[in-house]
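Here is a short report for a reader new to this structure. Take a look at the chain below, then read on.

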Amino acid sequence: MPDAADIFSSAADEAACHLPASSLLDAQTEVDSGARMLRFRLLRPVAQRGIVRRLALAWFLSLSLCLLSVGWPAAESWLSLSLPWQAEVLPLVLAPGMLLAILWTLWFGIALGGALALLSALFAAWVMHFSLPFILLSGATHLLALLILYLGYRAVPMRPDLSSGDNLLFFLMMVTVSATFASLDVLVGVYASQSGYAQLLSLWLGRWLGMLANFALLLPLLWLYGRRIERALDRLPWLTRRRVRLTYSLWTTALLLLALLLYVFLAVRLHGAYVAQAFVHYDRIGWPTVALSALQVLQIIHIVLSVLVVFIAYFFYQILQHWTGTLKRTASQLSLLNRKLAELALTDELTGLYNRRHFMEMARRELANAERHGMPCSLLLIDIDHFKQVNDHYGHLAGDQVLRILGRLLPVLLRPSDLAARYGGEELVVLLRHTPLDEALEVAERIRQAIAAQAYPDLSASLRVTVSLGVAESRVAEPDLDWLIERADRALYRAKDGGRNRIECDPGAWAAGSVCSGSSG
Ligand SMILES: Nc1nc2c(ncn2[C@@H]2O[C@H](COP(=O)(O)OP(=O)(O)OP(=O)(O)O)[C@@H](O)[C@H]2O)c(=O)[nH]1
């Protein structure tokens with residue numbers, strides 16, 4: 001007989017097979033994300049479908065559009081729209097290439113989207129004759145802006161299709177932060193140049209607002225076509241992948257925090273440097289101007305910082321929701337697994353009755369209980385007649401189906417307090433609580449008749465199965481389960497020898513040859 005550990009581990013294996021791998025709470029657990037990623041490795045075998053070629057063509061077309069949209073206006077020097085702001089002019093910098101880059105990033109991953117943003121930013125800075133460090137800085141900040149957007153969408157399962165208020169809010173938050181990071185190059189330039197803060201600050205604000213205006217242009221597009229694009233991509237699961245590891249969200253959050261800290265650090269240094277310089281020149285520009293300018297810079301920094309704080313709060317709220325949702329799902333899958341394990345450890349999978357191990361445990365306890373209260377118990381051993389022929393004639397699966405049906409039929413014929421189990425192969429066992437032999441024989445007869453009358457229309461209209469039963473009553477003075485089974489087994493042999501489809505009992509306290517044998521009707 002297998003020991004409990006064997007049974008439990010095989011039950012666990014079996015239960016785990018029925019559950020998806022994601023139900024196990026570990027670092028490998030995969031969860032949905034908002035943004036998609038191109039499945040580069042899967043593309044080769046399906047390249048012949050032509051979709052990959054069309055995708056490559058679309059990307060190069062997007063790149064050409066990006067370069068054209070930044071190169072031409074930059075060369076003509078009308079890349080920005082001028083907006084009056086206090087004593088300055090805010091140049092709203094337009095970067096239409098970023099729009100395409102965002103779309104590629106959200107639906108095909110950072111590699112394709114980021115490359116578009118990087119190349120068009122480098123190209124724009126080059127066309128405008130910026131210095132090499134600034135060209136590189138501009139490229140890096142644009143890439144960072146997209147990376148922030150992408151990471152945010154990868155960490156939270158918020159779809160970029162604006163089909164709900166939450167989606168819209170998340171999109172607005174993400175593009176605000178993304179615009180902030182895309183304008184970091186000017187911010188860094190402001191800090192590095194140490195002069196002309198007021199003009200450079202207006203340039204930075206112009207860049208920031210320009211980026212926001214750019215992103216706002218995406219709203220109608222996502223609103224109208226976002227869901228359609230999502231559905232189309234859902235139909236091509238080999239093209240993009242949406243699921244990420246749970247740990248990814250953790251790293252993403254840490255990275256985002258790092259980027260935000262970088263921004264705060266730069267902004268605070270900038271403000272400090274500006275105020276310090278204003279203080280140095282206070283005798284020339286006068287205290288009121290110093291205080292006003294310091295306040296203006298502080299104002300801008302605070303506006304941006306408060307936007308970022310709101311974003312962080314919302315972002316963490318989303319991540320928290322996502323994680324608690326995932327944990328809840330995992331917990332319920334685990335409890336399902338536990339229930340299944342417990343079930344598998346106690347029951348026989350085919351018949352749904354208790355398994356032999358559990359039956360023996362329960363029956364031993366029951367016999368001891370019955371002895372203490374001086375109550376009788378009876379045991380029925382039920383064996384299907386000529387079951388080999390059923391298997392041979394109708395097939396093993398049909399044999400299984402017969403066992404399954406008998407497993408369902410048996411509890412219907414018993415009291416809820418009785419114990420029914422599959423003893424082995426085509427043999428079933430029942431312990432009747434508080435039941436003397438004469439009553440047990442009545443139950444046995446009821447079972448014999450019900451099984452003989454049971455039809456199996458799904459297998460064959462003519463198929464009928466009979467059983468032979470051996471019955472024994474436990475002796476109060478001798479409540480040994482093995483001995484009780486042994487006596488029932490001997491009676492069962494006699495029933496088989498007597499022609500099958502009949503009941504024999506171990507007479508026990510009864511006189512041999514008394515009412516102890518049932519007919520085949
Ligand atoms: N389909 C199916 N058959 C089983 C299962 N367990 C045992 N058996 C079959 O039950 C048959 C038992 O055969 P035997 O022990 O020769 O007994 P029998 O044919 O029922 O004949 P008697 O018991 O003498 O009436 C064998 O063919 C086993 O393969 C099972 O889980 N599913």
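Helices here are DSSP runs of H or I with at least four residues, and strands are runs of E with at least two. The model is predicted.

**The chain as a whole**

The chain contains 18 helices and ten strands. It has 521 residues, and 47% of them count as buried. Among contacts with a separation of 6 or more, 75% join residues 24 or more positions apart.

**Annotated spans**

The UniProt record, an unreviewed entry, carries the feature "transmembrane region" at residues 51-72, 84-103, 110-128, 134-156, 168-192, 204-225, 246-270 and 290-317. How do two of these spans look in the model?

Helix α4 covers residues 96-108, and helix α6 covers residues 132-155. Their axes lie 10 Å apart, at an angle of about 35°. The crossing of α4 past α6 is right-handed. Which residues meet? From α4 come M98, A101, I102, T105 and L106. From α6 come H142, A145, L146, L149, Y150 and Y153. By class, this contact has nine nonpolar residues, two polar ones and no charged ones.

**Nonpolar cores**

The largest nonpolar core has 64 residues. Which of them touch the most other members? They are F108, Y153, F181 and F315. Y153 is also one of the α6 residues that meet α4.

What does F181 contact beyond its neighbours within four places in sequence? Its partners there are T141, L144, A145, I148, A259, L260 and Y263. A second core is separate and has 35 residues. Its members include I384, F387, L403 and V430.

**A buried alanine**

A444 sits in helix α17, which spans residues 437-453. Is A444 buried or exposed? Buried means under 20% relative accessible area. A444 has 0% relative accessibility, so A444 counts as buried.

What does A444 touch, leaving out residues up to four places away in sequence? The answer is L380, L469, V471 and I503. A444 and E504 are 60 residues apart along the chain, yet their C-alpha atoms are separated by 9.6 Å.

Conventions: Residues numbered from 1 in each chain as written. Predicted model: local features only at pLDDT ≥ 70, side-chain atom pairs only at ≥ 80, totals over all residues. Heavy atoms only, no water. UniProt positions renumbered as here; feature names shortened; annotations may be inferred. Core = buried A, V, L, I, M, F, W, Y, C linked by side-chain atoms within 4.5 Å. Buried < 20%, exposed > 50% of the residue type's maximum accessible area, 1.4 Å probe, protein only. Contact = heavy atoms within 4.5 Å. Axes fitted to C-alpha atoms, helices over the stretch in contact; angles between N-to-C directions. Left-handed = near helix turned anticlockwise from the far one by under 90°. Nonpolar A, V, L, I, M, F, W, Y, C, P; charged D, E, K, R; others polar.
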